[in-house]
Amino acid sequence: MTDLDTAHAAMQAAPDDDAARLRFYERLADTELFMLLGAEAQGDQITPELFEIEDQRFTLVFDREERLSQFVGRVAPYAGLPGRALAEMLAGQDIGLALNLDVAPSAMLIPAEAVDWLVQTLGNTPSETEARLSEVSAPNVPEAVVTGLDRKLAIAAGRARSAYLAAATYDDGGRGHVLAFIDAVDGAEKALATAASEALTFSGIEAGMIDVLFVRSADPLATHLAKVGLRFDLPQPEVAQAPQAPGTDPDKPPKLR
């Protein structure tokens, strides 16, 4: 089963659980979807194949290329797009998503209004504010927040070394929580803040509950956070190793022909 299959099954098993429904739409946004096209792409211009189902227009999308091939049964043009990009492209056009029809347990029709809602929800980006920390301590947040952050940060590979979640007290007496990213890559700050905001949104938690900080590992605050905070390790991209000349590795002596 794919991540979408699992999230869909959880949503179907608990139809009144808003958190399960939010998790499904989060997975939909983060998953690469393969959309059937009506014609070969022309540069960056694509034309989705549209179908009318129950008096509504839908485009066929699948979360695996093999599933698209299984459904179509022939060679057909398609485009691969992250779910969020696909939703943004279709928003406001009265087009829904026909997901994994006939080929997976997650088969369902996602109406146009749900696509529009997803785009609106993803558009709730965090705003910048200034505040001075006076103290950080061990966090106390719902498990759904920790799970959501862990899931979201796992796909933010290479954008920071790690992150710490901690309770925070500010100079003005305010209290809350902070998520501090350690050694964020220059230019990745907005994407990381958005990822944190989405983790809260799709966990069903008030988005203003956690502030985001960017800290260098040499900063004393990073040392203190390591003592009291909950750590999240972000995956790091693999560094390609330059090929070694024959005979330079003592564990791999050259072979004679």
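Me: What volume does the second largest pocket have?
Reply: This is a predicted model, and in it the second largest pocket has a volume of about 240 Å³.

Me: Which residues line that second largest pocket?
Reply: The lining is made up of Ala29, Asp30, Pro82, Arg84, Lys152, Ile155, Ala156, Arg159, Ala191, Thr194, Ala195 and Glu198.

Me: And which helices each supply at least two residues of that lining?
Reply: Helix H2, which runs over 18-30, and helix H7, which runs over 189-201, each supply at least two residues, and the largest share, four residues, comes from H7.

Me: How do the residues of the lining divide into nonpolar, polar and charged?
Reply: Six residues of the lining are nonpolar, one is polar and five are charged.

Me: OK, switching to rings. How many aromatic pairs does the structure hold?
Reply: There are five aromatic pairs in the structure. In one of them, the rings of Phe24 and Tyr25 have centres 5.3 Å apart and planes at 80 degrees, so this pair is edge-to-face.

Me: Why edge-to-face, though?
Reply: Because planes over 60 degrees apart count as edge-to-face, and the planes of Phe24 and Tyr25 are at 80 degrees.

Me: Are those two buried or exposed?
Reply: Phe24 is buried, with a relative accessible area of 0%, and Tyr25 also counts as buried, at 10% relative accessibility. For comparison, another pair is that of Phe62 and Phe71, whose ring centres are 5.5 Å apart with planes at 45 degrees, so it is described as tilted.

Me: New topic, the backbone. What is phi of Glu54, and where is Glu54 placed?
Reply: Phi of Glu54 is near 55 degrees, which is a positive value in a residue other than glycine, and Glu54 sits in the loop between strand E2 (50-53) and strand E3 (56-62).

Me: What about Asp55?
Reply: Asp55 is likewise a residue other than glycine with a positive phi, near 65 degrees, and its place is in the loop between E2 and E3.

Methods: Residues numbered from 1 in each chain as written. Predicted model: local features only at pLDDT ≥ 70, side-chain atom pairs only at ≥ 80, totals over all residues. Heavy atoms only, no water. 1 Å grid on protein atoms, 1.4 Å probe; cavity = no way out; pocket = protein on both sides within 12 Å on 5 of 7 lines; lining within 4 Å. Points joined across faces, edges and corners; volume = space filled by probe spheres on them. Nonpolar A, V, L, I, M, F, W, Y, C, P; charged D, E, K, R; others polar. Phe/Tyr/Trp six-rings, centres within 6.5 Å; stacked < 30°, edge-to-face > 60°. Buried < 20%, exposed > 50% of the residue type's maximum accessible area, 1.4 Å probe, protein only.
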